[in-house]
Amino acid sequence: MKKIINIFSFLLIISSATAQTIPAFKFRKPILDNGVWKFKSVLAGVDAHVTITASKNATLDKIDDSASYAYAWQPNIKFTNSTNNVNDSSYLEFTIRFVDKTTFAPLTQSLLATTIIDCDGPGNSTTYREFVRTAMPGNVYAVQNSSISITNDTKWLYFKSGTAQFSNIDTTDYAAMAQVNYTNINTLVMRVGVLGKISSNSVRQFSFYFKGFEKVLIPLPVKLNSFDVQKNNQSSVVKWTSVSEENVKLFEITRSLDGVNFDVIGKVNAIGNSNALQNYEFVDFGLTQCKSENIFYKLKVVENDGQEFWSHIVQIKNALENNIVFNIYPNPAIDKVQLDFKSDLDEIVVITVMDVNGKLVKHLIDPQMNGKSFEIDIRDLKNGLYFIDITDINGVSASRKFLKR
């Protein structure tokens, strides 16, 4: 298993008709002062102050600035306790402030772009995925063939890796990269961590690189103002808005069940050439055929000359048909109940027992299954009606009731 690194590249770009060199920030030898990591002279006249402003199941192990990325700020994050649920998140929240080197007054950056590099998965779908949340407002700058799913709310842009793992830690794996552009900010907040199962005291190294990677910038012939998907009963509605188009022929809507392999499910003709706001919509009626909890969408932009460009990825949760079938006996029961499953379910992650008032009375995490059966001791329960809820690794659940006498 490779060491996992997320690299954040902050590009300071000045809007001008004349091309300018992107400055490279140099983060070296930080000084810890009352909980603030102070980096001196990251740019001429500019210091950077980094603080930890929130945490969940994580602590800062150390800061390593001696790795191959000489000017990257590289915190090693320790995940203190094991997590057992695919929806568990563990993270540190960092606030980065750019200040005047002498007065420590905030210094506003006219345009700041955050590039996420090597945000990938472990090569399977049963453990963790890397994720990054960056504060809104920010504009996602499309990167070709990214495997990262991107969602947002009023507070965060949320980047979550796919399940694929990339073997080389460098800046050429565009499929594991994404970028966010900010304008006129001096403070940036981000949460960095993992989603899903992870062992206690695991240490992961992350790297924040304040440097320009020009090859990441793959401009689209269309400027998307928004790209989103919403669930509507048994269908999903894919919506996007462009604010400018040049030589665009059509949009191909693609769908994926794993966030990596995408298939074309529809096409929408483009206006072609426009500097006005254009709204587009496509309804996907095929959700009932998708046997996956997560559904991913991505736009392919096709130009008149045949060139193709990709948008970022968006996703929705799909309500799977309940496929956990089990029986409870004896029912009524006195001292124990046995759960008999119709098929082997070695990836049951949670079994809960609740009373008739909805109070949780038993909570079993990662129970050791015995083939197709599992036994629960109920001698400590009072007489009455209870409900057993089973949840598998994919988040699919099923419930049954029994009577304790």
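1. Where pLDDT is low, the predicted coordinates should not be read in detail. For the protein, the mean pLDDT is 78, and 78% of the residues reach 70 or more.

2. On conventions, this is a predicted model in which local features need pLDDT of at least 70 and side-chain atom pairs count only at pLDDT 80 or more, while totals for chains, interfaces and linings use all residues. Residues are numbered from 1 along each chain as its sequence is written, and side-chain values use heavy atoms, with hydrogens and water left out.

3. Lysine 38 lies in strand S3 (residues 36–43) and counts as buried because its relative accessibility is 18%, where buried means under 20% relative accessible area, exposed over 50% and partly exposed in between (1.4 Å probe, protein chains only). The charged end of lysine 38 sits over the ring of phenylalanine 104, 5.7 Å from its centre; the criterion is NZ of Lys or CZ of Arg within 6 Å of the ring centre and within 35 degrees of the ring normal. Not counting residues up to four places away in sequence, lysine 38 touches several residues, including Pro30, Ala48 and His49.

4. A search of the whole structure finds 10 aromatic pairs, that is, rings of Phe, Tyr and Trp (its six-membered ring) with centres within 6.5 Å, and planes under 30 degrees apart counting as stacked, over 60 as edge-to-face and the rest as tilted. The rings of tyrosine 91 and phenylalanine 131 are edge-to-face, because their centres are 6.5 Å apart and their planes stand at 75°. This pair links distant parts of the chain, with tyrosine 91 in strand S8 (residues 89–100) and phenylalanine 131 in strand S10 (residues 128–135), 40 residues apart. Tyrosine 91 is buried at 13% relative accessibility, and phenylalanine 131 is buried at 2%.

5. Valine 337, in strand S26 (residues 336–341), is buried with a relative accessible area of 1%. The C-alpha atoms of valine 337 and phenylalanine 374 are separated by 8.5 Å, the two residues being 37 apart along the chain.

How values were computed:
Helices (H or I, at least four residues) and strands (E, at least two) are DSSP runs, numbered from the N terminus. Contact means heavy atoms within 4.5 Å. pLDDT is the predictor's confidence in each residue, from 0 to 100.
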